[in-house]
Amino acid sequence: MSETTLPPLEADQQPMAPGNAGPAGIGTPLPRIDGLAKVTGTARYAAEHQSPDLCYGVAVNSTIARGRIARIDTDAARAFPGVLDVLTHDHRPPMRSMRFFYKDMTAPAGKPFRPLHDDEIHYSGQPVALVVATSFEAARHAATLVRVEYAPAPHETNLLARRDAAHEPSPLKVGFSKPPKPKGNPDAAFAGAEVKVDAQFYAGVEHHNPMEMHASTVIRDSRGHLLIYDKTQGSQNSRWMVSRVFGLPGRKVTVRNPFVGGAFGSGLRPQYQLLLAVMASLHLKRSVRVVLTRQQMFTFGHRPETWQRVRLGATRDGRLTSIIHEAIAETSRQEDYVEVVVNWSGQLYACDNIRYVYKLVALDQYTPMDMRAPGAAHGVHAIEVAMDELSYAAGIDPLALRRINYATRDGNQGLPFSTKQLMDCYEQGARAFGWDQRPLAPRAMRDGNELVGWGMATGTWDALQMAARASATLLADGRLEITCAASDIGTGTYTAISQIAADAMGIAVERVIFRLGDSDLPFAPIEGGSSHIATVGSAVDGACEKLRRQLWRLARTVKGRGFEQCAFDDVEFADGAMRLRQQPDTSIPLDSLLLACGKTQLGVRHLLLPDVRKQKQTVRAVHSAVFCEVRVDEALGAVRVTRVVSAVAAGRIVNPLTARSQISGGVVWGISQALFEETLSDHRLGRFMNHNLAEYHIAANADIRDIDVIFVEEDDRIVSRIGAKGVGEIGIVGVAAAISNAIYHATGKRLRTTPMTPDKLVAG
């Protein structure tokens with residue numbers, strides 16, 4: 001395929017901006033251009049693509065946490081009308097055995113899970129069979145007829161009971177930074193501190209539960225090519241795994257994910273339904289769809305259960321003299337899943353004496369995986385609650401304490417920040433919230449039978465940029481086609497990238513077609529870590545710059561239009577035309593330029609490679625200040641979050657409307673994390689018990705009140721060439737801590753375990 005010849009777009013791959021969108025470049029609050037497709041149902045998700053020969057697979061899951069399969073009886077299932085076959089570890093197509101082939105692009109160190117590989121059971125809920133039938137209903141019923149006999153082995157799923165078995169983790173995971181070596185003498189400094197805090201924190205397991213459940217539809221054509229629609233945050237990552245596991249050449253596999261109904265990290269690694277669906281398709285030589293049920297959404301990775309201890313020492317006037325932050329988290333027995341949990345403390349606050357401990361406990365669970373703001377969501381929570389405790393111990397306002405210990409340089413590496421407008425976040429957030437009216441003492445505010453409390457916390461997250469490639473093609477009718485194998489997991493990627501392209505080329509955003517979500521398109525990293533805007537956006541901006549230069553060179557060859565002798569810096573692109581900066585009347589529409597040169601289209605590709613040398617000279621991060629009001633019925637232990645102000649510094653904001661939605665969504669999840677969400681285990685069974693949305697509680701409409709989002713002005717050209725950082729993760733960081741701190745201000749009761757449910761408040 002040439003760089004400028006593109007395959008036709010499918011109807012579900014070309015959401016367009018409204019016809020009246022007009023100029024809508026960077027900074028414009030433009031509604032999502034994919035919104036119409038989503039609300040009218042023309043946006044098709046992984047489980048909505050059809051094929052005449054489509055059949056359906058339903059997984060059967062183990063009921064023990066560890067052991068072996070002694071026997072599988074599939075006779076009754078096979079005999080059920082409509083059933084085509086039942087796949088098991090001893091009845092399936094050939095698959096590679098070496099664990100190396102099962103490693104995806106985000107895998108941690110260790111041995112990845114291999115579905116239906118052998119008779120060994122690693123965790124409760126592990127898939128042990130796949131029933132395939134001509135209808136979903138037949139497959140689901142037949143799955144209940146499969147009988148599995150097990151040889152159980154002793155299991156361990158209790159993190160708190162196994163803390164003494166914690167081990168040093170392997171650091172081999174993309175995005176993970178080992179805790180730095182100790183600085184100064186933190187133990188001695190803590191022992192001699194005038195003011196001290198020594199607190200332990202516990203965060204339970206959380207599961208992602210996006211609206212769209214994980215699904216894979218494998219459409220097999222007569223040539224044996226597999227077109228796979230997968231619920232994933234990286235189409236090329238899914239293709240990478242499929243081709244390697246089954247020994248298929250890349251050209252025989254195409255993975256698409258043009259629309260993703262939420263993921264939050266659950267789609268970073270390919271989940272087991274993908275390999276099961278491909279397995280069945282290869283075995284039966286026909287198209288197959290496998291959709292996980294809501295209950296099965298609890299049978300793969302999750303936010304890891306984590307225990308932490310934070311010790312802070314300070315002078316009487318609140319200046320930190322010691323930070324000791326320890327964390328022990330769960331992982332599986334097969335892989336060392338790691339997160340950055342403790343490092344945030346020294347990055348947030350200036351202190352000369354710091355020590356970190358981060359260890360893992362191997363349990364009989366599926367390997368945990370990234371979940372929105374992995375590591376920071378509970379690591380920052382612990383340090384921010386501990387800082388609040390320190391403020392009371394020192395008799396200092398919590399916001400004032402953070403200003404006293406404000407870090408102008410990263411305390412872990414001694415590097416400056418690329419940009420850091422956290423002080424402005426504090427100032428603007430406090431002013432909007434009315435923080436100066438807050439009484440210092442707990443239990444000082446009441447409204448009827450409810451105690452009222454105000455709390456705040458700092459938030460931070462990495463500002464990431466990776467490598468990516470994008471193409472930009474100007475068509476004869478003046479439309480601009482952008483392609484990149486990026487993903488839009490509901491974050492507004494279609495819209496924001498279209499705006500970046502429109503801004504770069506000086507055209508209306510409705511003239512931009514952005515094609516993404518296809519593994520055959522130019523390379524993109526997995527959509528995660530809030531990196532897509534800085535990465536894909538910069539790649540697209542770079543491609544558009546190349547295209548502008550190509551157009552300028554063409555214009556110089558056109559006689560009589562006034563561009564023959566101009567330099568590139570003499571021209572600008574606006575209103576769908578190229579014109580001279582100093583003589584705007586000397587102008588040529590872009591489509592007319594192509595016509596004048598006898599071209600039907602003009603295309604370029606651009607490879608973005610981050611300037612690693614430049615980036616290593618700074619610490620790149622986004623920051624926020626979260627202010628929260630709660631109302632507490634102490635008799636019932638009921639907590640209502642009635643007001644949240646989140647002030648965020650995240651570089652240039654490409655689309656304030658969709659960015660605001662990202663922060664608001666993060667705040668909602670932070671409320672849910674603080675008050676509701678936890679997956680509970682029966683350790684006798686080694687099994688998650690509340691694996692459904694009736695018992696896995698999340699924040700609902702009635703739990704959400706006023707959320708005010710403030711974007712602090714910032715422009716970071718080190719993080720990205722467009723000055724932007726990501727906003728997906730930062731919205732949740734610090735929210736649960738602000739709520740915890742507000743509960744203490746309301747009641748005088750300190751809760752250090754999330755979720756902070758009514759029983760804990762009453763008992764506290």
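Modeller: What follows is a look at the interface of domain 2 and domain 3. This is a predicted model, in which local features need pLDDT of at least 70 and side-chain atom pairs count only at pLDDT 80 or more, while totals for chains, interfaces and linings use all residues. Residues are numbered from 1 along each chain as its sequence is written, and side-chain values use heavy atoms, with hydrogens and water left out.

Domain 2 covers 415-463 + 619-763 and domain 3 covers 468-609, bounds that come from an automatic or database domain assignment. Their C-alpha centres lie 39 Å apart, and 16 residues of domain 2 are in contact (heavy atoms within 4.5 Å) with 16 residues of domain 3.

The buried area, meaning the accessible area (1.4 Å probe) that two parts lose on being put together, summed over both, is about 1200 Å² here, and carbon and sulfur atoms give 52% of it. Of the area that domain 2 buries against domain 3, Val654, Arg721 and Ile722 supply 46%, more than any other three residues.

Arg721 also forms a salt bridge with Asp541, with the closest N and O atoms 2.7 Å apart; the term stands for a side-chain nitrogen of Lys or Arg within 4 Å of a carboxyl oxygen of Asp or Glu. Between domain 2 and domain 3 the count is two salt bridges.
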